[in-house]
Amino acid sequence: MTDFIKYEQDGPVVTLTLNAPAKRNAIGSRDECEEVVAACRRIERDDSVRCVIVTGADPAFCAGGDLKSMRDRSGMMSGEGPASMRENYRRGIQMIPLALYDLNLPTIAAINGPAIGAGLDLALMCDMRIASDKAIFAESFIRVGIVPGDGGAWLLPRVVGMSVACEMSFTGDPLTPEQGLKVGLVSQVVPHAELLPAARALAARVAKNPPQMLRMTKRLLREGQHTRLDTLLEMSAAFQAIAHETADHKEAVDAMLNKRAPNFTGS
């Protein structure tokens, strides 16, 4: 392992920091991809976690794929021929969206600087996005003669709509923080020094809620993106039946009726 991911937990909130600032947190090896996946699996196994923040060590959020690895056909880009490259993607960077996008907890991308190519897609895998005023966003695969290889063509239109996604993908042009806010790529833009405090404040607002209901609500939102309404209603009824029998539901109702702060235990 490469210590590419810094894993920190403060109460119910985990912060994952891409920690290779010398290369602007670019992703260049299978080990680095596996670290992201391993961190997601660790979170899934920890019932105390209620929200996750993903950020980068300054000065960048993530510069995407490692261009030197592409040029030298090293690291994640090693091997000869199309079949080998296909497996590099399947066994490498494509493992990240399968782990992070489907993480069964609310996630926040705290975008502290440039989010380029696969770095932008990494932010799109999160449920919520907050940007520093130093952020830059670019779906720039076309600029280096390749296509989105890690799910960007699926993720980006769902966040900004097809027209904006096409413009970003066909031109590779970057967006400023203000432009990202305008098209709905992020929900907040804050001064750089206030980024992590803002992300932690949002995480705290999320994490104060019943943990099992957070997980089930995220699952319903995910399923609602691709399933029929009647199917989602059936799933919602099943989840609701479970929720009504939990101690946290009874605690929430009692706390609201008695005008006091609830104490949720996840049971």
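Helices (H or I, at least four residues) and strands (E, at least two) are DSSP runs, numbered from the N terminus. The structure described here is a predicted model, in which local features need pLDDT of at least 70 and side-chain atom pairs count only at pLDDT 80 or more, while totals for chains, interfaces and linings use all residues. Residues are numbered from 1 along each chain as its sequence is written, and side-chain values use heavy atoms, with hydrogens and water left out.

## Strand residues and the nonpolar cores

Val 14 lies in strand β2. Not counting residues up to four places away in sequence, Val 14 touches Tyr 7, Glu 8, Gln 9, Ile 43, Val 49, Cys 51, Val 52 and Ile 53, where contact means heavy atoms within 4.5 Å.

A nonpolar core is a set of buried Ala, Val, Leu, Ile, Met, Phe, Trp, Tyr and Cys residues joined through side-chain atoms within 4.5 Å. The largest such core has 51 residues, and those with the most contacts inside it are Ile 43, Phe 61, Ile 96, Leu 100, Ile 111 and Phe 137. Helix α1 (residues 30–45) gives the most to this core, with six residues. Apart from this core lies another, of 15 residues, which includes Cys 51, Ile 53, Ile 108 and Ala 207. In soluble globular proteins, nonpolar side chains tend to be buried together.

Leaving aside neighbours within four places in sequence, Ile 43 is in contact with Tyr 7, Val 14, Leu 16, Val 49, Val 52, Leu 103 and Leu 105.

Thr 107 is placed in strand β4 (residues 107–111) and, at 0% relative accessibility, counts as buried. Beyond four places in sequence, Thr 107 touches Val 52, Leu 100, Met 125, Cys 126, Asp 127, Met 128 and Lys 218.

| C-alpha pair | Residues apart along the chain | Separation |
|---|---|---|
| Pro 21 and Phe 61 | 40 residues | 9.0 Å |
| Thr 107 and Cys 62 | 45 residues | 17 Å |
| Val 14 and Ala 131 | 117 residues | 18 Å |

## Loops and backbone geometry

Most residues other than glycine have a negative phi, and most peptide bonds are trans. The peptide bond from Asp 58 to Pro 59, however, is cis, with omega near 20°. Pro 59 is found in the loop between β3 (51–56) and α2 (67–72).

Pro 21 lies in the loop between β2 and α1 and counts as partly exposed, at 35% relative accessibility.

Phi of Asn 25 is near 60°, a positive value in a residue other than glycine, and at 0% relative accessibility Asn 25 counts as buried. Lys 259, likewise not a glycine, has a positive phi of about 55°. Lys 259 is in the segment after α12 and counts as exposed, at 78% relative accessibility.

## Helix packing

Axes are lines fitted to C-alpha atoms, for helices over the stretch in contact, and angles run from 0 to 180 degrees between N-to-C directions. Angles under 35 degrees count as roughly parallel, over 145 as roughly antiparallel, 65 to 115 as roughly perpendicular and the rest as oblique.

The axes of helix α6 (residues 152–160) and helix α7 (residues 162–171) come within 7 Å and cross at roughly 130°, and the two helices are therefore oblique to each other. The contact is made by Leu 156, Pro 157 and Val 160 of α6 with Met 162, Val 164, Ala 165, Met 168 and Ser 169 of α7.

For helix α10 (residues 211–223) and α11, the axes come within 11 Å and cross at roughly 180°; these helices are therefore roughly antiparallel. In α10, Met 213, Met 216, Arg 219, Leu 220 and Glu 223 meet Leu 232, Met 235, Ser 236, Phe 239, Ile 242 and Ala 243 in α11.

Thr 246 lies in the loop between α11 (229–244) and α12 (247–257) and counts as buried, at 12% relative accessibility. Leaving aside neighbours within four places in sequence, Thr 246 is in contact with Met 213 and Ser 267.

Methods:
Buried < 20%, exposed > 50% of the residue type's maximum accessible area, 1.4 Å probe, protein only.
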